[in-house]
Amino acid sequence: MGLVGTLAHASFDVVLIAVCLAGIRRATGLTLQTSYLSSKSHQRILGTVVGVGERLFDVAVAFMSAYPSVFRREQVPRPRSE
C-alpha cells in the first residue's frame, strides 16, 4: 500500500473514531476535553475532527430514520447518576 493508501486508511480511522465519540456524547453526555492540548491549533484541529464526526453521526441517524421498516427506535433507559 502506497502513501495515498496509508493516508486514506488513517483518515478513515480518524473519522470512525470521531463518529464513535459523537455517539458516546449523545448517549452519555461525556465530551472530549481539548484544554489539555497546549497548542491552540491542535485544539482547533481536534474540534474540527469531532465536529465532522457529529455531522456524520447526524447523517447516519437521518439515513436510518428514513427506513423505518429496517430500523426501529427503542427507548433505551438512561443510566442513573448517583
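Predicted model: local features only at pLDDT ≥ 70, side-chain atom pairs only at ≥ 80, totals over all residues.
I'm counting a residue as buried under 20% relative accessible area, exposed over 50%, and partly exposed in between.

**Entry 1: the charged residues, one by one**

I started with Arg 25. It has 32% relative accessibility, so I put it down as partly exposed. Arg 26 has a relative accessible area of 34%, and it goes down as partly exposed too. Then I looked up Asp 58, which at 37% is partly exposed. Glu 54 is another matter: its relative accessibility is 14%, so I have to call it buried.

**Entry 2: who pairs with whom**

Next I went through the salt bridges. The count came to 4.

Glu 54 and Arg 25 meet through their side chains, with N to O at 2.7 Å. Arg 25 sits in helix α1 and Glu 54 in helix α2, so this bridge ties together parts of the chain 29 residues apart in sequence.

Arg 26 also forms a salt bridge with Glu 54, N to O 2.9 Å. That pair again runs from helix α1 to helix α2, linking positions 28 residues apart.

I then checked Arg 26 against Asp 58 and found a salt bridge at 2.8 Å, N to O. Here the partners are 32 residues apart, Arg 26 in α1 and Asp 58 in α2.

Put together, Arg 25, Arg 26, Glu 54 and Asp 58 are linked in a network of salt bridges.

**Entry 3: the two helices**

Helix α1 covers residues 3-28 and helix α2 residues 40-65; their axes come within 7 Å and cross at roughly 70 degrees. Angles of 65 to 115 degrees count as roughly perpendicular, so α1 is roughly perpendicular to α2.

I listed the contact next. On the α1 side I have Val 14, Val 15, Ala 18, Val 19, Ala 22, Gly 23, Arg 25 and Arg 26. On the α2 side I have Val 49, Val 50, Gly 53, Glu 54, Leu 56, Phe 57 and Asp 58. Sorted by class, that gives 9 nonpolar, 2 polar and 4 charged residues.

**Entry 4: a closer look at α2**

I checked the length of α2. Its 26 residues should span 38 Å at 1.5 Å a residue, and I find the end C-alpha atoms 37 Å apart, which agrees.

Which residues of α2 are buried? I get Gln 43, Gly 51, Gly 53 and Glu 54. I also looked at what covers the buried residues of α2, and α1 is included in the cover.

Conventions: Residues numbered from 1 in each chain as written. Heavy atoms only, no water. Axes fitted to C-alpha atoms, helices over the stretch in contact; angles between N-to-C directions. Helix = DSSP H or I, 4+ residues; strand = E, 2+ residues; numbered from the N terminus. Parallel < 35°, antiparallel > 145°, perpendicular 65-115°, else oblique. Contact = heavy atoms within 4.5 Å. Nonpolar A, V, L, I, M, F, W, Y, C, P; charged D, E, K, R; others polar. Expected span 1.5 Å × (residues − 1). Buried < 20%, exposed > 50% of the residue type's maximum accessible area, 1.4 Å probe, protein only.
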